[in-house]
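Welcome, and please take a moment to get oriented. Have a look at the sequence and the model, and then let us walk through them together.

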Amino acid sequence: MDRLITVEELEAATNSLLENGKKVGADSWQQRVKNQTPHCGFGEAGTCCRICSMGPCRITPKAPRGICGCDVHGIVGRNYLKFTAGGAAAHSDHGREIMHVLHQTSADGNYQVKDPEKLIRIAKEWNIETEGKDIYELAHEVAVAGLMEYGKPFGYQNFLNRAPEHTQKLWEEAGLRPEAIDREVSRSLHMTHMGCSSMPEALIHQALRVGLSDGWGGSMMGTEFSDVLFGTPKPVDTTANIGVMEKDMVNIIVHGHDPSLSEMIVHYANDPEMIALAKSVGAKGINIAGVCCTANEVAMRHGIPMAGNFLSQENVVLTGACEAIVVDVQCIFPALGPLSKCFHTKFVTTSPIARIPDSEFVQFSAETAGENAKAIVKMAVENFVNRKTELVNIPDQKTNARVGYSVEAIVKVLDGVANSQVDTYGTTKPLLECVTSGVLRGAVAMVGCNNPKIRPDYAHIELMKKLIANDIIIIVSGCSAQAAAKAGLLDPVVAKEYCGAGLKRVCELANIPPVLHMGSCVDISRMLILASELSKDSGIPIAQLPVVGCAPEWMSEKAVSIGNYVVATGLDTFLGVDPYVRGSSEICEWLTGETGIKKWVEANFTVETDIEKLGDKMIECIESKRAALGI
Ligand code: BF8
Ligand code: SF4
């Protein structure tokens, strides 16, 4: 394609897949949204409490307090904190799994250390002696230190030291420095127990702190040690959208989050024995493609194509050409169970954390990863013969995408352009120069999910188009990154034509797309580091930089945890979906007003469900930050 794919075209492809589904009586999220509409008004406003069995209590003008006497602000605040804690727990537990895999590494085992330099860099940062140690000895020692971040009895998260001094001071003054991750999650659940906190200030304060334990703790470890294990991403070209599925090949979809599963599946899909087996059953080979954050993980390290994002997960099965959809944890529709039964697709679950009816469970562990992955690939290949050719419908929609912009990679490409001295890590100064000179107006970190409450992908794609036309560079992760990829916004050749003159020039000089793929949702921790580096290199506090965060179609608890740590790091954050808080004027003021979290962290949230207005507000915010800096 020499132009972007439109949302209408994406929808037409989905509609043709839904027609395919109708032939076999498949259910769909589109239908289930209709069944669930209208949603419960109390739930939407956050004004229903069911944390004790005297309730559920619902707040109305006639019943302004629950049976225990809790008012609407306490109820909404508790719900918000619980939601955040769920997200922090999920993200951080993913990070913990990665630490266990690091602890299992050995020269001849299932997992190796692919980026020893990064391991040594972090070990030094954590004051762990590196001299004279075998790399695996060091890996195991660092893994134990990382696991201690979850439960250490004293002290704060190690990675907080990476933040600019100004940010660290704000956290210290406001009492926001997170302690051990598990402690922050437990404390949140303790605070929200019946008869504990009902004061908005305390509940929102803890929401920020547990969020920070995710962003600067669990997620950051997930990202950093995934890089140590599987390699730090560098720019790589791949393809995206549903057309990456191959009619004549065995299609295996990897879906979920933890790269320790998908890395192994990718490895065995390239195994000559498996390829020979695929040929023996009449396929041309084995095609792996990703969905959701797993797609981002394997795309940026191996150039594996990205089939789609959160609300496209049913689409891959609806093609009738999916031999297996292999999942680990998070964001997996239970609908994949019954849906896969309508086709020949094997739905393979692998984690005790995500057990789903109507799936085949192959318990995956670091110790047995190789044999597990091989068994799964074999199961998929052998399933090719069960494919019903009359049901195969792969929409011809495919884009090019350049992915893999870790902080290291961004610094490298931009430092290269400016021809300045590149030391081992480089600096963000060339990027800052582009911003201060006005060639770029600023940057937006666009993240998060799809949500049927917003026309799927529309908000991501249209906002990105609007922002790049205004010379605002975008960094993306998670399902937002895949929305961009599906449309063609990660294609350096196509997407630059939609940019303003300044951004277009930067893209041409650096040979980058205007939308930089930074990875999965745990990789939003990369964005925290980038913002910190920009602040340190410029001497400007994060909140004053013309950089903001945006999650226009978010849906999950993880997304709220992310929102809290992004804002608590000083980045004003724009949401397209209300986080169930509108029932409380006080909680809304704490999150979005001038007298709430802003006094602690210099940033706050803006919730705007009109997507056009959301874009205008971001641009306005960026321009006002520029004006305040006098640039
Ligand atoms: O962590 S963006 S739908 S896949 S929650 Fe889930 Fe949302 Fe996608 Fe990854 Ni993130
Ligand atoms: Fe009702 Fe209070 Fe129990 Fe909540 S904690 S359900 S408001 S009685």
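Asn511 counts as partly exposed, because its relative accessibility is 47%, a value that lies between the cut-offs of 20% for buried and 50% for exposed. You will find Asn511 in the loop between α21 and β13 (515-517). Its phi is near 55°, which is a positive value in a residue other than glycine. Please keep in mind that this is a predicted model.

Asp471 also has a positive phi, near 60°, and again the residue is not a glycine. Asp471 belongs to the loop between α18 (458-469) and β12 (472-476). With a relative accessible area of 15%, Asp471 is buried.

Lys496 sits in another loop, the one between α20 (492-495) and α21 (501-510). Is Lys496 buried or exposed? Its relative accessible area is 16%, so Lys496 is buried, since buried means under 20%. The side chain of Lys496 also makes a polar contact, at 3.5 Å, with the side chain of Glu497.

Next, look for two peptide bonds in the cis form. One runs from Thr37 to Pro38, with omega near 0°, and Pro38 is in the loop between α2 (29-36) and α3 (41-45). Another joins Gly55 and Pro56, with omega about 0°; Pro56 is found in the loop between β1 (48-49) and β2 (57-58).

Gly55 brings us to ligand 2, because Gly55 is one of the residues around it.

Now turn to ligand 1. Among the residues that surround it are Cys292, Cys293, Cys331, Cys449, Cys479 and Cys521, together with Phe310, Met555 and Ser556. The shell of ligand 1 divides into 8 nonpolar, 3 polar and 1 charged residues. Which side chains bring a polar atom to 2.8 Å from an oxygen atom of ligand 1? His257 does this, and Lys558 does too.

Helix α7 (residues 165-174) shows how a helix can have two sides. Its buried residues are Thr167, Leu170, Trp171 and Ala174. These four lie on the same side of α7, because they cover an arc of only 95° around the axis. On the other side of α7, Glu165, Lys169, Glu172 and Glu173 are exposed.

Aromatic rings come next, and the model has 8 aromatic pairs. One pair is made by Trp590 and Trp600: their ring centres are 5.1 Å apart and their planes stand at 35°, so the pair is tilted. This pair links distant parts of the chain, with Trp590 in helix α24 (residues 585-592) and Trp600 in helix α25 (residues 598-601), 10 residues apart. Trp590 is buried at 12% relative accessibility, and Trp600 is buried at 11%. Elsewhere, ring pairs link Phe83, Trp554 and Tyr580 into a cluster.

Rings also meet charges here. The charged end of Arg177 sits over the ring of Tyr156, 3.9 Å from its centre. Likewise, the charged end of Arg355 sits over the ring of Phe361, 3.6 Å from the ring centre.

Our last stop is Thr349, in strand β8 (residues 346-349). Thr349 has a relative accessible area of 0%, so it is buried. Between Thr349 and Gly285 there are 64 residues in sequence and 23 Å in space, C-alpha to C-alpha.

Note on methods
Residues are numbered from 1 along each chain as its sequence is written. Chains are lettered from A and ligands numbered from 1 in the order in which they are written. This is a predicted model: local features need pLDDT of at least 70, side-chain atom pairs count only at pLDDT 80 or more; totals for chains, interfaces and linings use all residues. Side-chain values use heavy atoms; hydrogens and water are left out. A residue is near a molecule or strand if one of its heavy atoms lies within 4 Å of it. A polar contact is a pair of N or O atoms within 3.5 Å; within protein, one must be able to donate a hydrogen and the other to accept it, and residues adjacent in sequence count only if both atoms are side-chain atoms. Ala, Val, Leu, Ile, Met, Phe, Trp, Tyr, Cys and Pro count as nonpolar, Asp, Glu, Lys and Arg as charged, and the others, Gly among them, as polar. Rings of Phe, Tyr and Trp (its six-membered ring) pair if their centres lie within 6.5 Å; planes under 30 degrees apart count as stacked, over 60 as edge-to-face and the rest as tilted. Buried means under 20% relative accessible area, exposed over 50%, partly exposed in between (1.4 Å probe, protein chains only). A charge sits over a ring if NZ of Lys or CZ of Arg is within 6 Å of the ring centre and within 35 degrees of the ring normal. The arc is that of the directions from the helix axis to the C-beta atoms.
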